[in-house]
Amino acid sequence: MFLLVLLACRGTYAQKFETGGVAGVEYSYKILKGWHVDLEGELRFDHNFTHYDRAKVGVGTDYTFWKKRIKIGVAYNFLNYHDRDDQLFDNRHRVKGFLTVAPRFGDWKIAYRAMVQATFRDERRGDYRFNPKTYMRNRLQVTWSVPHQPVKLYLSEEFWWRLYKPGDNIIDNLRSTVGVEYSINKHHTLDFYLRSDNEIQVKNPDNVLSIGVGYKFD
């Protein structure tokens, strides 16, 4: 209830607010104990579910150790954006590396993830002052595994700390997520969530409240 009130307040004071949807799929293949290769795809819609916003396909690898408490990894994403103002499609490339620390306390898990990402844009399609755009993304997530049920509830908060503009390295985006994961069986999981993306400390900030669904399998 507290999170829903927070999201409502953000929307009330936002300069620009809209709703959207996210659909994604993830596949993880085990190479060795603790080492996986991951594939993912995602579609995003905004403008109250009526506008194609972005598509993403990605590949990465990660290694988990110390009783699954620490994970390190790298990934590459190909992104296709639709610019609603100019009616153009813009392709971008993103590389990222991350470290996750996730101690467990009984049915609870607290995970902190630090990620550095760089997004390269096509300068033939626009005049970009900063290319690539680099960010440090920090996310804290709390997960509760419901006892004797194939269900996990989670809540997370993430912020983007921009690194590409010397002397003005501010936090300019926040993301709040609340969701539930349902394990169909050992290898297949469904993920349903509500997510709020809010730009801050920038001119004409965008604020999007999205309903998301994901399918994970290995």
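Analyst: A polar contact is a pair of N or O atoms within 3.5 Å; within protein, one of the two must be able to donate a hydrogen and the other to accept it. The model examined here is a predicted one. With that term in hand, the side chains of aspartate 90 and arginine 92 are joined by a polar contact of 3.0 Å.

Aspartate 90 belongs to strand 5, which covers residues 88-101. Its relative accessible area is 8%; because buried means under 20%, aspartate 90 is classed as buried. Beyond its neighbours within four places in sequence, aspartate 90 is in contact with Leu79, Asn80, Tyr81, Asp122, Arg125 and Tyr128.

One of these contacts, Tyr81, leads back to the partner of the aspartate. Arginine 92 lies over the face of tyrosine 81, at 4.1 Å from the ring centre.

Serine 196 is located in strand 11, residues 188-199, and its relative accessibility of 4% counts as buried. The side chain of serine 196 makes a polar contact of 2.6 Å with the side chain of asparagine 198.

A pair of aromatic rings is described by the distance of the centres and the angle of the planes. The structure holds 8 aromatic pairs. In one of them, tyrosine 135 and tyrosine 164 have ring centres 5.7 Å apart and planes at 65°, so the pair is edge-to-face. This pair links distant parts of the chain, 29 residues apart: tyrosine 135 is in strand 8 (residues 133-145), while tyrosine 164 is in the loop between strand 9 (151-162) and strand 10 (171-185). Both tyrosine 135 and tyrosine 164 are buried.

Tyrosine 215 and phenylalanine 217 form another pair: their ring centres are 5.3 Å apart and their planes stand at 20°, so the pair is stacked. Tyrosine 215 is partly exposed at 31% relative accessibility, and phenylalanine 217 is partly exposed with a relative accessible area of 26%. Ring pairs also bring in Tyr27, so that Tyr27, Tyr215 and Phe217 are linked into a cluster.

How values were computed:
Residues are numbered from 1 along each chain as its sequence is written. This is a predicted model: local features need pLDDT of at least 70, side-chain atom pairs count only at pLDDT 80 or more; totals for chains, interfaces and linings use all residues. Side-chain values use heavy atoms; hydrogens and water are left out. Helices (H or I, at least four residues) and strands (E, at least two) are DSSP runs, numbered from the N terminus. Buried means under 20% relative accessible area, exposed over 50%, partly exposed in between (1.4 Å probe, protein chains only). Rings of Phe, Tyr and Trp (its six-membered ring) pair if their centres lie within 6.5 Å; planes under 30 degrees apart count as stacked, over 60 as edge-to-face and the rest as tilted. A charge sits over a ring if NZ of Lys or CZ of Arg is within 6 Å of the ring centre and within 35 degrees of the ring normal. Contact means heavy atoms within 4.5 Å.
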